[in-house]
Amino acid sequence: MDAFLTIEAQQTLRAVKAIAPRRNAAGLLIGHKRGRRFFVEKAFPVPRGFQPSLKNLEVLDTVFEGRIIGFFHVNPGEKDERTLLQPFACGKLFLAIESRSAAASVLIGYLIDYDGRYVLEQIPITLEAALPKKGRIPT
């Protein structure tokens, strides 16, 4: 398994981190899954205090037309990760944005899986690269 993040998703994640670098900002990942790859097309920040649950996800998944593929969290703690180790999140992607400084952060991807107990299995992340300016094609 791995995950591919579009430029639009990357921009939203950077913006959320920029306005809430130390707060535990969180949200949903919107996209699709093809084979063993998650394609993250958008990120949707959720309001502070939002609790992921089957009921909440069913409502939002209707709004997003069945395209919720995971969750993100800025500087997650153990408690934040434990809230996702449940049946409703199994098989989904979890992106942890570890803020190292105001300008730097590390993005870590996990598959939420079940193997006798719920676990976070680290997976690689691939970032879509921006096209060169003025329509130049790299050689």
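Along the sequence, the protein follows the pattern β-α-β-β-α-β-α-β-β-β-β. This description rests on a predicted model, in which three helices and eight strands are assigned.

Of the 139 residues of the protein, 38% are classed as buried. Among contacts in the protein with a separation of 6 or more, 58% are accounted for by residues 24 or more positions apart.

Strand 2, comprising residues 26-34, is paired with both strand 3 and strand 4. Its pairing with strand 3 (residues 37-45) is antiparallel and involves eight bridges. Within this pair, histidine 32 is placed opposite phenylalanine 39 of strand 3. Strand 2 and strand 3 form a hairpin with two residues between the strands; in this hairpin, glycine 35 adopts a positive phi near 60°.

The pairing of strand 2 with strand 4 (residues 68-74) is likewise antiparallel, and five bridges join these two strands. Here alanine 26 has histidine 73 of strand 4 as its bridge partner. In general, side chains in a regular strand alternate between the two faces of the sheet.

Methods: Residues numbered from 1 in each chain as written. Predicted model: local features only at pLDDT ≥ 70, side-chain atom pairs only at ≥ 80, totals over all residues. Heavy atoms only, no water. Helix = DSSP H or I, 4+ residues; strand = E, 2+ residues; numbered from the N terminus. Buried < 20%, exposed > 50% of the residue type's maximum accessible area, 1.4 Å probe, protein only. Contact = heavy atoms within 4.5 Å. Pairing = 2+ DSSP bridges.
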